[in-house]
Amino acid sequence: MNSTIKNILGNAYPVIQNNIFRMIGTISPKTLASIQYQRGFGRKIDWNDPKDINEKINWLKFNTDTTAWTTLADKFRVREHVERMGLGNMLVQLYGHWDDAEDINWDALPRQFIMKTNNGSGEVFICKDKAKIDTAAWTAAFKTQLAMKFGRSMGEPHYNRIKPCIIAEELLDCRKQPIPSSSLIDYKIWSFDGKPAYIWACYNRTHASVQVALYDLDWNFHPEYSISTPHYILADKPMPKPKSLDQMLHAAAVLSKGFPELRVDLYEVDDKPYFGELTFSSAAGFNDFYTPEFLRILGDLTILNK
C-alpha cells in the first residue's frame with residue numbers, strides 16, 4: 001500500500017510526508033518519535049524500559065528537563081558556555097550574528113567565511129570569495145531557514161525553543177588536516193556524564209554522502225560496530241590519530257559533565273582543536289548507522305535517573 005502511494009505521488013511524496021510529520025510533531029512530538037522509531041527499526045520504542053542509545057535519547061527528550069539542551073544546542077549561545085567552562089581557546093572566530101537576514105552586514109565580513117543558522121543541522125553556507133557570492137540569494141535562503149522550526153519533523157522539542165539567528169564564523173582550512181578531505185573532519189565524541197567513550201569521525205562530506213569511521217579512546221578502529229548505508233559510507237582503513245586528541249577528550253569530559261549522554265563535536269586544523277557543537281539527540285534518537293550491539297553498548301553507558 002505504501003509503495004503504491006509513493007508511485008502515485010512521485011516526487012511530491014517526501015514533501016507531503018515531511019509536512020505530515022511536522023504537523024504531528026507540532027501537536028505531539030512524543031507521538032511523532034514513536035512513529036519515527038517504528039518506521040526506522042520495525043518495532044515499538046520501549047518507553048518504560050529503554051535499553052539502547054536510541055531509546056534512551058528519546059526517553060531523555062520527553063522525561064527530563066531539557067532546558068539546558070535548548071541553550072547548549074544553540075550554536076550561538078553555546079559559545080558563552082564554552083568560554084565559561086575554560087575552553088574559549090577552542091572557539092572558531094565569530095564575525096557577527098543577526099536575528100534578521102536583511103540586517104546582515106556584508107561589508108563588515110572578510111573575504112572568506114562560513115554562515116549558518118544557530119538551530120539547523122548541517123546547512124552551512126561556505127564563502128571562499130565574497131566578491132563572487134549572490135548576497136540577495138543568500139539573504140533569501142536565510143529568510144527561509146529562519147522561518148523553519150527544525151525540531152518539528154523528528155520530535156526534538158528542545159530545538160523548537162531556540163530563538164533563531166544567523167552567525168558568520170571563520171572559514172577553517174580543510175587542507176590543514178591529518179588526511180585530505182573535501183570537508184572538515186568532524187570528530188564526534190560520544191560522552192557520558194564527563195566520561196568520553198568513543199569517537200565517530202566524519203569526513204569527505206557532501207550533500208549526498210559522508211565517510212565515517214568509529215574509534216575507541218586509544219584510537220583503535222572499530223568497523224565492526226558500523227553499518228554502511230548509501231549516505232554513511234564506512235571507511236576502508238583507519239585515519240591517523242589527531243595530534244590534539246588528548247585536548248579533545250579533555251574538552252569532551254568537561255562539556256559532558258552532568259549529562260547522561262552528550263556528543264561533543266570538534267575539529268582539528270593545523271594540529272589545533274576547535275569546538276563545533278554539542279549534540280544531545282544524535283540523529284534525533286534514530287541512529288541507524290550503528291549495529292544493534294553498539295547501540296546497546298552506548299545505551300549501557302547512558303545512566304538514566306528515573
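Pro292 is found in helix 10. The model is predicted: local features need pLDDT of at least 70, side-chain atom pairs count only at pLDDT 80 or more, and totals for chains, interfaces and linings use all residues. Residues are numbered from 1 along each chain as its sequence is written, and side-chain values use heavy atoms, with hydrogens and water left out. Helices (H or I, at least four residues) and strands (E, at least two) are DSSP runs, numbered from the N terminus.

Pro292 is exposed, with a relative accessible area of 65%. Here, buried means under 20% relative accessible area, exposed means over 50%, and partly exposed lies in between (1.4 Å probe, protein chains only). The C-alpha atom of Pro292 is separated by 9.7 Å from that of Ile227. These two residues are 65 residues apart along the chain.

The buried residues of helix 10 are Phe294, Leu295, Leu298 and Gly299. They cover an arc of only 145 degrees around the axis, which puts them on the same side of helix 10. The arc is that of the directions from the helix axis to the C-beta atoms. Packing partners of the buried residues are helix 4, strand 5 (186–192), strand 6 (195–203) and strand 7 (210–216).

Two packed helices are described by the angle between their axes and the distance between the axes. For helix 4 (residues 53–63) and helix 10 (residues 292–301), the angle is about 45 degrees and the axes are 7 Å apart. Axes are lines fitted to C-alpha atoms, for helices over the stretch in contact, and angles run from 0 to 180 degrees between N-to-C directions. Helix 4 and helix 10 are therefore oblique to each other. Angles under 35 degrees count as roughly parallel, over 145 as roughly antiparallel, 65 to 115 as roughly perpendicular and the rest as oblique. Helix 4 contributes Ile53, Asn54 and Lys56, which meet Leu295, Leu298 and Gly299 of helix 10. Contact means heavy atoms within 4.5 Å. By class, three nonpolar, two polar and one charged residues make up the contact of helix 4 with helix 10. Ala, Val, Leu, Ile, Met, Phe, Trp, Tyr, Cys and Pro count as nonpolar, Asp, Glu, Lys and Arg as charged, and the others, Gly among them, as polar.

The largest nonpolar core has 35 residues. A nonpolar core is a set of buried Ala, Val, Leu, Ile, Met, Phe, Trp, Tyr and Cys residues joined through side-chain atoms within 4.5 Å. Tyr187, Met239, Leu266, Phe275 and Leu278 have the most contacts inside this largest core. Its largest share, six residues, comes from helix 9 (residues 245–256). Beyond its neighbours within four places in sequence, Met239 is in contact with Ile179, Ile185, Tyr187, Ala201, Tyr203, Tyr215 and Trp219. Another core, of 17 residues, lies apart from the largest one. Among its members are Trp190, Trp200, Val212 and Phe294.

Lys75 lies between helix 5 (67–73) and helix 6 (78–84). Lys75 is buried, at 8% relative accessible area. Its contacts, not counting residues up to four places away in sequence, include Lys116, Asn118 and Glu277. Asp193, in the loop between strand 5 and strand 6, has a positive phi near 50 degrees. Ala283, in the loop between strand 10 (272–279) and helix 10, has a positive phi near 55 degrees. Asp193 is partly exposed at 36% relative accessibility. Ala283 is likewise partly exposed, at 36%.
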